[in-house]
Amino acid sequence: MTAPAHHHGPRHRTRSTKRQIIVETAERLFAEHGYDATSTARIAAEAGVPSGLVFYHFATKLDLLLAVVQERPAPGEVLRSAARGRTVRRRLRAIVETMAAELEKDRAARIIVFREAQGRPEIASRASETFAEATATVADVLAGADDVVADRARVQAAAELVVSRVFLDTVALGQVETATKRHAAMIDLIAESLTCGVRVQR
């Protein structure tokens, strides 16, 4: 009578673990070979699970793709907690370094988003949401620096430049090492623009 009770918990945890293994295996294979070239049978085989288990957790292959790109940590809180310096320049350095590290950590998923957004509205929408959240967070962080004097439009433009450039270098070009050193000129340019009070005359 005690044996079934003893094994009920571990079996439940195994089901949850196998779902995660399927997602992680799909992420790796989608990144390496592309979504269209990766079959669910191969995902199941490399995950070490029966093919039917993939469809037990995900109704379609597209649902599995969506799980890969949607079940990621939100970028906002990570960036906000990292950039605690008082000046624009210090905050920019922290943002660039943190963004590069986080994008590299999730590089496979970002590659999938970068590639599969073309022609897949669900993925394009997720990419747009992630970019918008990261940009809004960076803009808020920069606007809160003690020495910023630029208006919100200029701060927003700076945030878009930072997010776009770091994403391009880290995901598209695969360059992550010494991010702050590589982007030193951009950091200096933005810091000067946001702190010297220069505004576009209208």
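1. Buried here means under 20% relative accessible area, exposed means over 50%, and partly exposed lies in between, with a 1.4 Å probe and protein chains only. Arg 120, at 17% relative accessibility, therefore counts as buried. Residues are numbered from 1 along each chain as its sequence is written. The model is predicted, with local features needing pLDDT of at least 70, side-chain atom pairs counting only at pLDDT 80 or more, and totals for chains, interfaces and linings using all residues, while side-chain values rest on heavy atoms, without hydrogens and water.

2. A salt bridge is taken as a side-chain nitrogen of Lys or Arg within 4 Å of a carboxyl oxygen of Asp or Glu, and by this rule the count comes to 9. Arg 120 pairs in this way with Glu 116, the closest N and O atoms being 3.1 Å apart, and Glu 116 is itself buried, with a relative accessible area of 7%.

3. Asp 188 and Arg 89 form a salt bridge whose closest N and O atoms are 3.2 Å apart. Because Asp 188 lies in helix α11 and Arg 89 in helix α6, the pair ties together parts that are 99 residues apart in sequence; helices are DSSP runs (H or I, at least four residues), numbered from the N terminus. Asp 188 is partly exposed at 36% relative accessibility, and Arg 89 is partly exposed at 31%.

4. His 183 sits in the loop between α10 (179-182) and α11 and is buried, with a relative accessible area of 4%. Leaving aside neighbours within four places in sequence, His 183 is in contact (heavy atoms within 4.5 Å) with Val 96, Arg 165, Val 166 and Asp 169.

5. In helix α2 (residues 40-47), the buried residues are Thr 40, Ile 43, Ala 44 and Ala 47. Seen down the axis of α2, these buried residues fall within an arc of 95°, so they line one face of the helix; the arc is that of the directions from the helix axis to the C-beta atoms.

Technical notes
Helices (H or I, at least four residues) and strands (E, at least two) are DSSP runs, numbered from the N terminus.
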